[in-house]
Amino acid sequence: MQSRIQASRPFRHHGGTGAMIAVALVNLALSIATLSIWRFWGRTKVRRLLWSGVTAWDDPVEYTGTGGELFKGFLVALVVIYLPLLGLYTWAQALVVSGDPLGTILLSVLYPLTVFLIAAGAYRARRYQLSRTLWRGIRGGQTGSAWGYALRSMAVWLLLPLTLGWVWPWGEMWLARYRLDNTCFGDRRFCCDAGVAGLYGRFAVAWLCIMAYVGLVSLLFVQTFLDSMQTGELDEAAAPMIPVMLLGAVIVMTLPWAWYRAGFYRAMAGGTTFEGARFSAQVTTWTLIRLSIGNGLISLFSLGVLRPWVALRIFRFACGVLAVDGVPDFAGIRQGWDKGPKTGEGMVSVLDGVGEF
Amino acid sequence: MLSDDRSGRFNDGKSAASRKVRLWSLADGVEIRGEDGFLIAVWKTADLVDDGELPGGKGLRMRCKAEPDARLTVEAAVFVRPVAKRGTFHWRIPAAMALGVAVLVGLYLALPNLARQIALVVPLETERGWGNQIAAGFERQMRACRTPEGNEALTRLVERLAAGLPPERRAVNLRVLDNAAVNAIALPGAEIIVFRGLLDQAGDPDELAGVLAHELTHVGERHPAANLIRGIGVGVLATMITGDASGMVASGAATVMAAAYTRDDEAAADRGALRLLKQAGIGSAGFATFFRRLEVLEGGKGLLPAWLSTHPETASRAAAIDAAADPRKLPPSLRDAEWRAVKSICGKAV
Ligand SMILES: [Zn+2]
């Protein structure tokens, strides 16, 4: 894809893999030694390394969050969110055990409430991270409401089964637009008007491939099962099918899905502007597949210990593909008044791991 | 301090503009001037903070404590004297860490006692509510065994033994459930569940009386409620350590109930059982016999009977019971007809 004016690639990642792996291993050792309390400071160290490796227009990005902030946020969420929620879950389960229908009702409220809180927590975590991200001494930030974002997420998740998945491209983009429209640098906002018009073709292909594959596999299973009923031998027929089926899953499902994801990222970046400059992302299906398979294997074989490396690969990838058409008027961007939350990421750190960044 | 005048880039921390500057070293700091020579800022040496190298190694970064948002990038600077390093060692982090570990370990060690104290302030009605709910849950999964004669005999035995408990704990509700587990459990409030397997294994009424006396002591000392609270506490601690609540939320009252009693609780229940048996005028020999019988079962089948797996250290406990045994010869705790009614309460022949 050729852009109209020459687009520049102002983002670069300079971080080395060795340094990141070393940090990950030291973090593992310290986490074990401190009954995992180190993890807040460890995560902060990883972020410092991730952020500070990025330069934009030759000036480095900084991460100014601290482990203490994450720790305090965790403690607050433990008392305010987690313990009351745990009490409610225990009560609901006791009611279910005793056969009281109120228990089922309570649980059916608690599950969506938990998902809601996780979505709201993820949005708040993003606000914390952006407010601790500096470039040329100017802070990033996030406006918008965590509850509003959580409600929108819930709406998408509710519509997903009702539409047999077809709401996904629109819903995903709707949420991405909300995040980007509320992302600030200094006193200026990003603006995202990305649409999904060009995405539904790719999504349809991916959807049909996945449905066809799932249908085929279930048919094969039924067939094998019926055969084994007659002959009484299940193992020999089914064993060679499993690797074939896994390989089939990678080819038939991953390829079209990666094709869709690549389209999604291009559309999202292409619809995003900041102070007169338009972004673009040269994401291709193959690079995306390489990135995700590599990341999956690293996480799997290191049992999650090397997740910082995964994060580094994602940062490098993003820096490599992001291009900017035009240069924002930096002199017009002033420091924002909002210094962000005092403590970090409470809800997410209790209710969900969320990863390294 | 800078050895010479140098060029660099300056961000004032008020806007995102980047300005080319010239730097002049002074006796006690750095003078930052625009390319037109106009003075922008003077940074004192004492306030200078080294921000490390620019990624890619094309310059050094500096900050000033007096202007925390401003940034200076010096192109290929040579320092005569190094400025203060940013990464100075903070004692507060290891201190916070040590405090956190101490709190976690302390909470874990204090948990049994803490749970016991909390259980003591839980109102009896609330505790009964928990017990009823859990017992009702068991009854929905297993058939409850009831015969008029069997229940009457069991009720009379329980009432005789419970006479030694605090008054508000005497109204014990005993259920027999049709399950092969050789087990009896005390629930919060005053609920005791006996499984059919235990009745099958008991050789005479005194053996059953011993087990009931043991469980009644758990009831009298509020061990089940303390256990429940302790189980929840372990889950909370696990969440604090792993930072992952999903497992805890999924597990519930059922797994919490599976937590074994503490060793202290078991010893207390054995002592209390002897006291209750003595007050009821029932011999304790059957209690010891039952322990030995379970031990044989355990050896023979290679399976730990359920009551043992929640009540470990059988041999030493049987010996302790023997040592404290009442030497008097006492009549059996149930008459033959009563005992037969109890044994066949689930409809099985004696
Ligand atoms: Zn016991």
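Modeller: Strand S5 (residues 48-53) and strand S6 (residues 60-64) of chain B run antiparallel, joined by four bridges. This is a predicted model: local features need pLDDT of at least 70, side-chain atom pairs count only at pLDDT 80 or more, and totals for chains, interfaces and linings use all residues. Residues count from 1 along each chain as written, chains are lettered from A and ligands numbered from 1 in written order, and side-chain values use heavy atoms, without hydrogens and water.

Biologist: What makes S5(B) and S6(B) a pair?

Modeller: Pairing takes at least two DSSP bridges; here there are four. Strands are DSSP runs (E, at least two residues), as are helices (H or I, at least four), numbered from the N terminus. B:Leu48 stands opposite B:Cys64.

Biologist: Why are S9(B) and S11(B) at the edges?

Modeller: The open sheet runs S9-S10-S12-S11 in chain B, with mixed pairing. S9 and S11 of chain B each have a single partner strand, so one side of each lacks a neighbour in the sheet.

Biologist: Why are H2(A) and H11(A) called roughly parallel?

Modeller: Their axes cross at roughly 25°. Axes are lines fitted to C-alpha atoms, for helices over the stretch in contact, with angles from 0 to 180 degrees between N-to-C directions. Under 35 degrees counts as roughly parallel, over 145 as roughly antiparallel, 65 to 115 as roughly perpendicular, the rest as oblique. H2(A) and H11(A) are therefore roughly parallel.

Biologist: Which residues of H2(A) make the contact?

Modeller: A:Arg43, A:Val46, A:Leu50 and A:Trp51. Contact means heavy atoms within 4.5 Å.
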